[in-house]
Amino acid sequence: MATGSVEVVYRGIFQKNLAKNICRGVVFAARKEGKIGIAFGRYSDSPERNGIPAKQFAVVADTEEEMEEYLSRYEPENNDVTIVADDTLCKGLESWGWNGLQPINKLLKAGGTLLVTSTRSANSLIRDIHRKGAPYNLAIVKGPASFSGMWVYKDDHSDVRLLGALAKVAPHIVSLDSIVAAINEPKKNDLKAASAKQAYDLVASMEVDANQGNDAVPLKFELPGWTEMEECLVIRGRDVKQEVPGWEGGFVPGRNPTFRKFSTRTMRPVIDFDTCTKCGFCWLQCPDTSFDVAPDGYYDANMEACCGCGICEAVCPVEKCITMVNEEAFTDNQSQWQMWSKDKKGYAAWRSEKTSAQPARSHGFHHVGQYAEEIADEHR
Ligand code: SF4
Ligand code: SF4
């Protein structure tokens, strides 16, 4: 081996320290093997924003010359492993530059491994992951995504479990022994070492064919070349209202067509129009002006614009009228109000199915043994 690299894709702020722990762990473990390593965040992700997809990288090389050669580019584009810290990112990611949706496997090299933290099956994840056009491997570390705040890390062992699994899928980058040695410095930690070893033993991997996966064309925009940019900073205003054919009497706010935020979502609101009183609180309080006012006065959360903050659910005065549901349950961004208008019984059944399958609201692990309980069914 000459060089190897690991890309960690995560939710900005909420998983920043998780990503940092993983990348730092790779570098420390590589040093145990006499290699050199470096970890860094993607330049354009800084400053990070809540939930907006971001990246960090860890690069390992045998010699300084190889490292210098590898780093003489903007960011690693042929990664041996892409670690996905939240499985809803399998739908693709947009940086806060909002320049289009990038498939989660885009910077993974052919034959590399996409390593995902998830409680879902491989087939269910592949449904979301864009086709790569080259074969690769999909490995799953069973467990829910770990989230916390800006300055803290929820120490649920997600970092060491991902490091243990990494040693299994890419032993040419770091071995399990070096990962365990790095975990035990500066202070021995048998519990974390055991978690890394357990993930190493349990991680399941499968091959994904070049043409398997989501065949949708990822959203992209024409970006101006530097010769086409206008002098000085120009921020074009938007019309206050968009005209939508057939929406007489409704109101759809003007939105920047290149500013869509759905890849920031881990959950989305599902609305019960049968109990909605049209009070308008959700519309007023939504920080992203994501609600469209339908011609009949109902409020429809626009799924191209919603960032999944959950404020509408919190302010809605009618019990269970808005329910936040994990993003994994959906395959498109279609209008709920239109579904409901066309077929009220069908929509009620759809809504009931989506909201009843709702996983625990809070992410991560909360008691000793929860991990074993959650994966028990998978390994029975
Ligand atoms: S979750 Fe609700 S309040 Fe938050 S952006 Fe989406 S529609 Fe608006
Ligand atoms: S806050 Fe709830 S009841 Fe009020 S308009 Fe929105 S969905 Fe309907």
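## Nonpolar cores

A nonpolar core is a set of buried Ala, Val, Leu, Ile, Met, Phe, Trp, Tyr and Cys residues joined through side-chain atoms within 4.5 Å, where buried means under 20% relative accessible area, exposed means over 50%, and partly exposed covers what lies in between (1.4 Å probe, protein chains only). This is a predicted model, in which local features need pLDDT of at least 70 and side-chain atom pairs count only at pLDDT 80 or more, while totals for chains, interfaces and linings use all residues. Residues are numbered from 1 along each chain as its sequence is written, and side-chain values use heavy atoms, with hydrogens and water left out.

The largest nonpolar core has 38 residues, and those with the most contacts inside it are V6, V8, V81, I83, L115, L166 and I179. Several helices and strands (DSSP runs numbered from the N terminus, helices being H or I with at least four residues and strands E with at least two) each supply at least two residues of this core, among them strand 1 (3-11), helix 1 (16-32), strand 4 (79-84) and helix 4 (158-169). A second, separate core of 27 residues includes W247, F273, F291 and V293.

## The surroundings of L115

If neighbours within four places in sequence are left aside, L115 is in contact (heavy atoms within 4.5 Å) with V81, T82, I83, V84, A139, V141, L162, A165, L166 and V203. Of these partners, V81, I83 and L166 are also named, like L115 itself, among the residues with the most contacts inside the largest core.

## Salt bridges

A search of the whole structure finds 19 salt bridges, each being a side-chain nitrogen of Lys or Arg within 4 Å of a carboxyl oxygen of Asp or Glu. In one of them, E327 pairs with R268, and the closest N and O atoms are 2.8 Å apart. Because E327 lies in the loop between strand 13 (322-326) and helix 9 (336-342), whereas R268 belongs to strand 10 (residues 267-271), the pair ties together parts that are 59 residues apart in sequence. E327 is buried, with a relative accessible area of 3%, and R268 is buried as well, at 2%. Both residues also take part in a network of salt bridges that links them with K91 and R265.

The side chains of D45 and R42 meet in another salt bridge, with 2.9 Å from N to O; D45 is buried at a relative accessible area of 3%, and R42 is buried at 10%. For K354 and E353, the N to O distance in their salt bridge is 3.9 Å, and here K354 counts as buried at 12% relative accessibility, whereas E353 is partly exposed, with a relative accessible area of 46%.

Notes. Chains lettered and ligands numbered in written order.
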